[in-house]
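The exercises below are to be worked with the sequence and the coordinates side by side.

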Amino acid sequence: MQPITISKATARRFVLGRQGLWPGRRWAGKEGTAEALRAVEAVQMDPLNVVARSHDIVLWGRVLDYRPALLETLLYSERQFFDYGGWLAIYPMAELPFWRLHMRHRAQEQRWSAFAAEHGDLIDEVREAVESRGPTRNRDFTGRSQVNSYRGRKDSALALYYLWLTGELMTHHREGFERVYDLRARVAPQEYDTVAADEAAEAFFVRKSTAFRGLITERGWRLEVASFLERPLTVAEARAWMERLLAQGELVPVTIEGSPERWFALGEDVELLTTIEAGRIPASWQPLATTTTEEMVFFSPLEIVSARGRSTWLFEFEHLCEFYKPAEKRRWGYYTLPILYGDRLVARLDPKLERASRTLVINGFWLEPHAPAADPAFAQALARGLLRFADFLEAQAIDLAAIGPDTLRERVAGAVRSSLEIKQ
């Protein structure tokens, strides 16, 4: 198939739109949250809670009037989704049969197979305890010995994690962010507690890795597929696999104007690409309320669109996750959120929620050179984004002192004053 040629603007809009971020929120409520989770392929979970947890910020940017309780219901009451992996993410429960391939591979990894060989009695003890007790936390075990691990301080914590990673246990629910474990058979709906054939599972992950990125370079495709398969993929193997998918039409080559790279998309996305290139919005992407030009959206530091250097070329925006850096080494702020306006990343802000006073504090604000900060419409869109974010956080006041220039701050303050107390 001949390459599809698209502009850089089309590429941006497609990547954003496939992730549900452009031209505006098109999902709402619990069912909309479920649709968003399925569409974006994977939502990374993170325990850090500066203003809200990363996965909740991700869904807030895609789902109208999103609240964390909607996700908790889908995950832990209705069991439509589950969380899994060393790169902890949320996936549809219908995918569990494919993820069982990962779980088996984890058990075979040298690190975990050695742990199982050395601590077999402990693993049996922990498994039997969960089976007899039901939903169980790490704190419910005293452990036999102390360990120094990111996964816990007791050997029993590692045994629980091993059983979860290899699929015998699943997350029953969370208390705060602490995982409460139970047997897979008591968590997964019976129709999904099966194991897909290896070939079907690998084909599933190859497709998922492309869908997750939307547009992907040849080298990026090989790395993403290897990541989803959780095994090395040689250049020759990747090339043979790619050529087969291209011949079948499951992958299509894409040329992006101004890029020397060879890009690819899923064959099923050709219609979306051609629609956007023609200057139209796909019918299924019509926003329910405001567009991203009318109301800015703030990205989590772990947002797939902008994290890990992905925003550098496509959005001409450098994004760094700096919450693990010492303060003196941070270029921007502790929990910096990129800001989407239209189809561009135009600024970043470093927010904090002071929970005692219910105040959303903007600790830092940085504009990109191309941001039209003098335009009143820009200020209005920023104000609308801040109001929706404050409502999501249940904030009653906002501190805008860090926003500049002065004219922008004054316009934003004027627009939010009727809904929030202004603190400066």
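**Exercise 1.** Which residues does leucine 165 touch, not counting residues up to four places away in sequence?

*Solution.* This is a predicted model, in which local features need pLDDT of at least 70 and side-chain atom pairs count only at pLDDT 80 or more, while totals for chains, interfaces and linings use all residues. Residues are numbered from 1 along each chain as its sequence is written, and side-chain values use heavy atoms, with hydrogens and water left out.

Begin by placing the residue: leucine 165 is found in helix α8 (residues 155–165), where helices are DSSP runs of H or I with at least four residues, numbered from the N terminus. Then list its contacts (heavy atoms within 4.5 Å), which are Tyr84, Gly85, Gly86, Met103, Arg106 and Trp112. Finally, consider accessibility: with a relative accessible area of 1%, leucine 165 is buried, a class that lies under 20%, with exposed over 50% and partly exposed in between, for a 1.4 Å probe and protein chains only.

**Exercise 2.** Describe how helix α6 packs on α8.

*Solution.* Two packed helices are described by the angle between their axes and the distance between the axes. For helix α6 (residues 110–118) and α8, the angle is about 125° and the axes are 11 Å apart; axes are lines fitted to C-alpha atoms, for helices over the stretch in contact, and angles run from 0 to 180 degrees between N-to-C directions. The pair is therefore oblique, given that angles under 35 degrees count as roughly parallel, over 145 as roughly antiparallel, 65 to 115 as roughly perpendicular and the rest as oblique. Trp112, Phe115 and Ala116 of α6 make the contact with Asp155, Leu158, Ala159, Tyr161, Tyr162 and Leu165 of α8. Sorted by class, these are eight nonpolar, no polar and one charged residues, where Ala, Val, Leu, Ile, Met, Phe, Trp, Tyr, Cys and Pro count as nonpolar, Asp, Glu, Lys and Arg as charged, and the others, Gly among them, as polar.

**Exercise 3.** Is glutamate 224 buried or exposed, and what does it touch?

*Solution.* Locate glutamate 224 in helix α11 (residues 218–229). Its relative accessible area is 7%, so glutamate 224 is buried. Leaving out residues up to four places away in sequence, glutamate 224 touches Ser209, Phe212, Arg213, Ile216 and Arg310.

**Exercise 4.** At what angle do α5 and α11 cross, and which residues meet?

*Solution.* The axes of helix α5 (residues 96–108) and α11 cross at roughly 75° and come within 9 Å. That makes α5 roughly perpendicular to α11. From α5, Trp99, His102 and His105 meet Ser227, Phe228 and Leu229 of α11, a contact of three nonpolar, three polar and no charged residues.

**Exercise 5.** How many residues form the largest nonpolar core?

*Solution.* The largest nonpolar core has 142 residues, the term meaning a set of buried Ala, Val, Leu, Ile, Met, Phe, Trp, Tyr and Cys residues joined through side-chain atoms within 4.5 Å. Helix α15 (residues 376–393) supplies the largest share of this core, ten residues. Leu386 is among those with the most contacts inside the core, and leucine 386 touches residues including Phe298, Leu349, Ile362 and Leu400, not counting residues up to four places away in sequence.

Conventions
Helices (H or I, at least four residues) and strands (E, at least two) are DSSP runs, numbered from the N terminus.
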